[in-house]
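Subject: Structure handover

Hello,

Please find the structure below. My notes on what was found in it follow.

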Amino acid sequence: MDTTLSIFLQLADAVIITDIRHRIIDVNATYERITGFTRDEIVGMKAGLLKSGLTPAKTYEDMKANLGQGKPWSGVFINRKRNKALWYSNITISLVASGGEEYYIGVFRDLAQLKEGVYISETRKSKIQYEILKVLALSCEVRDPDIEGHLVRVQELTTALLHRYNALNRSILTEEYIQSVVNACILHDIGKSGIPEGILYKPGKLNVYERAIMETHPLIGVDILNKISTELDDELFQQEMRIAKDIVAFHHEKWDGTGYPSRLKDDAIPFEAQIVSIVDVYDALTSRRAYKDAWPAEQAVDYLRSQRGISFNPELVDIFCDAMICDSSGYLNEDKRTGEKV
Ligand SMILES: [Fe+2]
Ligand SMILES: [Fe+2]
């Protein structure tokens, strides 16, 4: 590399040099130290390798617009280090000509020391997502005053099952994914807002026509989410919305392919929907309904086990049932279970 370029690498800040197609030509020692990537590992790769998905799309559009006109550009990137930790940095990118070629020089200023409030922290972001999705779920199911208890228990059981699964599978799931599923699962029955009350609250068994109408609630739910997605077109909700759609659409699919509405089978059913289907049924069984009493936890666990490989993913239902048996009070105290509908 010629000296015009290599001189930039001596700066104290993290520096990256790319070609005009954003392919990495070189990085300095500070960049290596902060990101955890060695120079040898990433030279030749695209600079977007560190993208976390959390930098707003508009930031990249602004960057491209400015650089495309040959102007320097500054903005804030939320990247991911090698160890998956987030890296908030302000970057200034300049176009530099050297040896008849053009290069981009990116100089990063670490923003890790910034106080919370300048950027939304991950914790705060998750809390906002949780609160907004909860309000959304409750307002769609406002006709049922007992629904909140069911939704909160489904969230608690989903959290517990995901953590048990992760502990037994060498933390294959990221905390971020787990939190997104927990936030999104509260929406699982949002489509019931489109079902007539005469069917929704019928004390007895549904007839074949009523059942067919009832079974449209996953599709109605997806329709509602699609409408909301255009309103909530924000990176803050992207992952939640994608996961919520999978849960809403597929939480009544069965492992053997006899569920509804899509008759998906085995792992064609999204993982998050497999999880929610187990905890939703468990909570339905152990809650009082218009036409049945609440089942004791042991009876519900026996039923879930009988549906191993039929309704449910065998591995997940084993983990769930084993955990419920070990913790004889269940994940929840019995006094929280007061007879809500599902
Ligand atoms: Fe449902
Ligand atoms: Fe439910």
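**The sheet and a helix across it**

Helix α4 (residues 57–68) lies across β3, β4 and β5, and runs at about 140° to β3. Helices (H or I, at least four residues) and strands (E, at least two) are DSSP runs, numbered from the N terminus. Axes are lines fitted to C-alpha atoms, for helices over the stretch in contact, and angles run from 0 to 180 degrees between N-to-C directions. Two residues are in contact if their C-beta atoms, placed from the backbone, lie within 7 Å.

This is a predicted model, in which local features need pLDDT of at least 70 and side-chain atom pairs count only at pLDDT 80 or more, while totals for chains, interfaces and linings use all residues. Residues are numbered from 1 along each chain as its sequence is written, and chains are lettered from A and ligands numbered from 1 in the order in which they are written.

In total, the chain has 14 helices and five strands. The five strands form an open sheet in the order β2-β1-β5-β4-β3, with antiparallel pairing. Two strands pair if DSSP finds at least two bridges between them. At the edges are β2 (24–27) and β3 (73–80), each of which pairs on one side only. On average, neighbouring strands of the sheet are turned by 30° against each other, direction ignored.

The pairings are as follows:

- β1 and β2 run antiparallel and are joined by three bridges; I17 stands opposite D26 in β2.
- β1 (residues 14–19) and β5 (residues 101–110) pair in the antiparallel sense over six bridges; T18 has Y104 in β5 as its bridge partner.
- β4 (residues 86–98) pairs with β5 in the antiparallel sense over 10 bridges; S89 stands opposite D110 in β5.

The hairpin of β4 and β5 has two residues between the strands, and G99 there takes a positive phi near 55°.

**The cores**

Of the 342 residues in the chain, 32% are buried. A residue is buried if 20 or more other C-beta atoms lie within 10 Å of its own, exposed if 12 or fewer, and partly exposed in between, with C-beta atoms placed from the backbone. A nonpolar core is a set of buried Ala, Val, Leu, Ile, Met, Phe, Trp, Tyr and Cys residues joined through C-beta atoms within 7 Å.

The largest nonpolar core has 46 residues, and L161, L187, I247, I278, L304 and F320 have the most contacts inside it. Elements giving two or more residues to this core include α6 (147–168), α12 (271–285) and α14 (314–326). Leaving out residues up to four places away in sequence, L161 touches I275, I278, V279, I319 and F320. A second, separate core has 17 residues, among them A14, I42, A47 and Y104.

How many of the 15 residues of α12 are buried? The number is 12, and α12 is mostly covered.

Q307 sits in the loop between α13 and α14. Why is Q307 called partly exposed? Because it has 17 other C-beta atoms within 10 Å. Q307 touches F312 and V317, not counting residues up to four places away in sequence.

**Confidence**

The mean pLDDT (the predictor's confidence in each residue, from 0 to 100) of the chain is 84, and 86% of its residues reach 70 or more. Among the elements, α5 has the lowest mean pLDDT (70) and α12 the highest (97). Over residues 328–342, pLDDT stays under 50.

Regards
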